[in-house]
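The following exercises ask the reader to examine a structure step by step. Each task is followed by a worked solution.

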Amino acid sequence: MLLNRKQSGKRWHLRPDGAPKVTGQLQYLTDMTLPDMIHGRVLRSEYPHARILSIDTSEAEALEGVYAVLTSKDVPGLNRFGIATPDQPVFCEDIVRYVGDAIAAVAADSPERAALALDAIRVVYEELTPLNSTDAALAPGAPELHEHGPGNVLHRTEIKRGDVEQAIAACDHIVTETYYTPRQMHAYMETEGGLFVPDEEGRLNVYAATQHGYKDRMQLARIIGCPEEDIRVVSSPIGGSFGGKDELNVQPYGALLALRCGRPVKMHNSRKESVRAGLKRHPMKIEMQTGMSQEGIIQAHRVRITADTGAYATLGAPVLNFCTEHCLGPYAIPHVDVEGVSVYTNNGLSGEFRGFGGNQAIFAMEGQMDRLAEIMNMDPWEFRRRNMREKNDPGPLNQRILVTDGLSQVWEALDRSELWQKHQQPPADPSLPPWIKRGVGAAIAMHGAGLGYGIPDPAGGRLSLNNEGKIEVAFSYEEFGQGLIATLEIMLCDLFQCSTSDLSIIIGDTDRVPHSGSSTASRSTTMAWMALQRLQTPFRSRALTVASEMSGIPADELVTGPGGIWRKGQLPAETSEVESESGFIVSYAELATQGKAAEWIFDTKFDYPTTPDNVVGGHYLYTYAAVAAEVEVNTLTGETKLLDTRHVVAAGPVINPMGFIGQIEGGSVMALGFTLTEDAVMQDSRYVTTNLDTYLIPTIQDIHTNLEVEAIEDLPEGDAFGPRGIGEIGSVALAPAITAAIHQATGVWVNRLPVSREQLVRPLNVPLQEGVSPS
């Protein structure tokens, strides 16, 4: 099915939060205020690596309007946080490890007074030499940044099968290349912040952006030293996250200040502070050596991955696991030798980011495929087909995965697309000046969904008929721009043939929702769908049974519908004035008065599906995508423009067409920045790019208007997992498609992102030569 803005084969559902967002009426969590609130700020290290000799807060404490000044001695519980590895100090005790490290926090009656208080804190440092690269951190004799990271290694991974050395020696053709990917900013619209409110009962209410409400509550309880139930986390709506708000950011400081002062505390990072202290995509170096037979069949693949996780772990280990799994691509390779290492440095924090290590791996692997195809003088798409895994083959880690035809389906759909045909027969355009070159490239990807085997991945939900007569659904997911609320509305309306006015959707509030896991890893849509499949039957059964008792009509002659219960075959075509129709039996509000409230509440708990093999990090569900891209390169300036793209995505049924397109569009724009412009440059472990004025995010001027999305909705008979999440799949394969297109246009092989303009510039009188690879 081809999706576009005029697509009419499916219902186009307006987002319930759409109008409030575009009119500016919607209140984000950082917009919240209270009359008696005060303002919090954090003092951060000015050095990337230093010893703290002393901290003097007396001058700041004496300032008028300052209510609290906190340091490490004021943390009542655990002075550490981190979802997977709690190694990041709330406040540094004796060592700072990056320029964003927190030293102290203040609360004052105005943001300006809080800034003055920060300036009044006197910190004496002994500056230490920063480990500003993974090479420096891994060098013999390098100072160890963490006790639990011997040799500054956070984590190692490997995949070994067959005999790579022997297989490489027997190969007819070998491609060896090293790929480099940048440190990318999430650049969300709403920077980190929130409102922290202690109540009269001694509980703390946290209104702050996160993708893990329950995980935040757990971590804050450890820091504060209180039961988790004493903390309420409200985490929606959020002005963008893309993984960047997975970890705690301002929450520990707002929570501690609010409890110390007994008043609401507002915190909101400036963009500059967000850049300095926030997470970025892991920069990686990926070395690959791939060998094939004379017939173009890949025999051996050796990979070495080095990831810079920065000063603290965050989710650096799982990101490396994911990258390791995906650096083999969707290909059947008998001999494999992969090793990965995630390294502590004194650089800025690297962590969770849309694609989760897949972007880096797929850029490298697909680059290898194009280079190998050129050696064979073979069409690169045909070369991929020749080496693709069969649908019944095990996954990259030799683990069992869910069988689908998604991989072959996306390959075939892109192969017959008009855009890919332009690659095979590049049209001549005499209207273009000779320094303008055009090319078309393509890439393919399989991308794991969920957290992977070995990581707790709980799911579930609650469906009820509330006192107001609304069908209420509750999940611990968050709405951060992905369109989750609209998708839930569509699911519920389809299940019960009701109208949106019959619904109440509760998300992102630990006091009101069950623990259904996080809004990460492209899992929310699948998990919500699976939960509702489990909940619909008991809910409908009770509703029809009670309606039958009230009306005397047999339950098997009744159905749910708009406004309440109807006779079968008499549902109205329109949902207005439904109670005036003859087939209407009883309203949901009337049903809710029958029996006890608890009798109308239905819960389910289960785990996200994972591989039955004990392969740590291995995934069971995969989404598949193929992408073609056309670019135009100005060889006088090196500027590259993306002219046209085609995304083919196999992710099961499309629940929300508008949301589906929005996710692919958004992911591809983020991938465009990853490929052509974005790099949070560091020099001597300090950000050179300190704000968005020097960080080149794609704007509307850079975004081509011709983007087509083809959705393949087929699932095998008996597939119980329904629609797959597509929040990441649109971002992972565009980079190699663009660089392949650049190669066709210019002959330059790109191995480093973002693409440097300098390597594409050629004098007018020097023709480009096929296969040119700049040093």
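**Exercise 1. Charges over rings**

Task: Determine over which ring Lys245 lies, and at what distance from the ring centre.

Solution. Lys245 lies over the face of Tyr188, 4.3 Å from the ring centre. A charge sits over a ring if NZ of Lys or CZ of Arg is within 6 Å of the ring centre and within 35 degrees of the ring normal. Another such case is Arg542, whose charged end sits over the ring of Trp600 at 4.3 Å from its centre.

Before going on, note that this is a predicted model, in which local features need pLDDT of at least 70 and side-chain atom pairs count only at pLDDT 80 or more, while totals for chains, interfaces and linings use all residues. Residues are numbered from 1 along each chain as its sequence is written, and side-chain values use heavy atoms, with hydrogens and water left out.

**Exercise 2. Aromatic pairs**

Task: State how many aromatic pairs there are, and describe the geometry of the pair formed by Phe322 and Phe356.

Solution. Step one is the rule: rings of Phe, Tyr and Trp (its six-membered ring) pair if their centres lie within 6.5 Å, and planes under 30 degrees apart count as stacked, over 60 as edge-to-face and the rest as tilted. By this rule there are 12 aromatic pairs. Step two is the geometry: Phe322 and Phe356 are edge-to-face, with 6.0 Å from centre to centre and 85 degrees between the planes. Step three is the location: Phe322 belongs to helix H9 (residues 316–326) and Phe356 to the loop between strand S20 (350–351) and helix H10 (358–376), so the pair ties together parts 34 residues apart in sequence. Helices (H or I, at least four residues) and strands (E, at least two) are DSSP runs, numbered from the N terminus. Both Phe322 and Phe356 are buried; buried means under 20% relative accessible area, exposed over 50%, and partly exposed in between (1.4 Å probe, protein chains only). Finally, Trp381, Trp411 and Trp420 form one aromatic cluster.

**Exercise 3. The setting of His146**

Solution. Apart from neighbours within four places in sequence, His146 is in contact (heavy atoms within 4.5 Å) with Asp87, Arg97, Ala311, Tyr312 and Tyr344.

**Exercise 4. Strand S19 and its partners**

Task: Find how many bridges join S10 to S19, and how many join strand S18 to S19.

Solution. Two strands pair if DSSP finds at least two bridges between them. S10 and S19 run antiparallel and are joined by eight bridges; here Lys160 has Asp337 in S19 as its bridge partner. Strand S18 (residues 298–310) and S19 run parallel, with 10 bridges, and the partner of Asp308 in S19 is Val343. Strand S19 (residues 335–344) is mostly covered, since eight of its 10 residues are buried.

**Exercise 5. Nonpolar cores**

Task: Identify which residues touch the most other members of the largest nonpolar core.

Solution. A nonpolar core is a set of buried Ala, Val, Leu, Ile, Met, Phe, Trp, Tyr and Cys residues joined through side-chain atoms within 4.5 Å. The largest has 94 residues, of which Ile305, Phe383, Ile444 and Ile738 touch the most other members. Apart from this core lies another, of 46 residues, including Leu465, Ala531, Phe539 and Ile553. In soluble globular proteins, nonpolar side chains tend to be buried together.

**Exercise 6. Backbone exceptions**

Task: Name the residue joined to Pro237 by a cis peptide bond, and decide whether Thr314 and Asn377 are buried or exposed.

Solution. Most residues other than glycine have a negative phi, and most peptide bonds are trans. Ser236 and Pro237 are joined by a cis peptide bond, with omega about 0 degrees. A cis bond also joins Leu753 and Pro754, with omega about -5 degrees. Thr314 is not a glycine, yet its phi is positive, about 40 degrees; with a relative accessible area of 4%, Thr314 is buried. Asn377 has a positive phi near 55 degrees, and Asn377 is exposed, with a relative accessible area of 73%.
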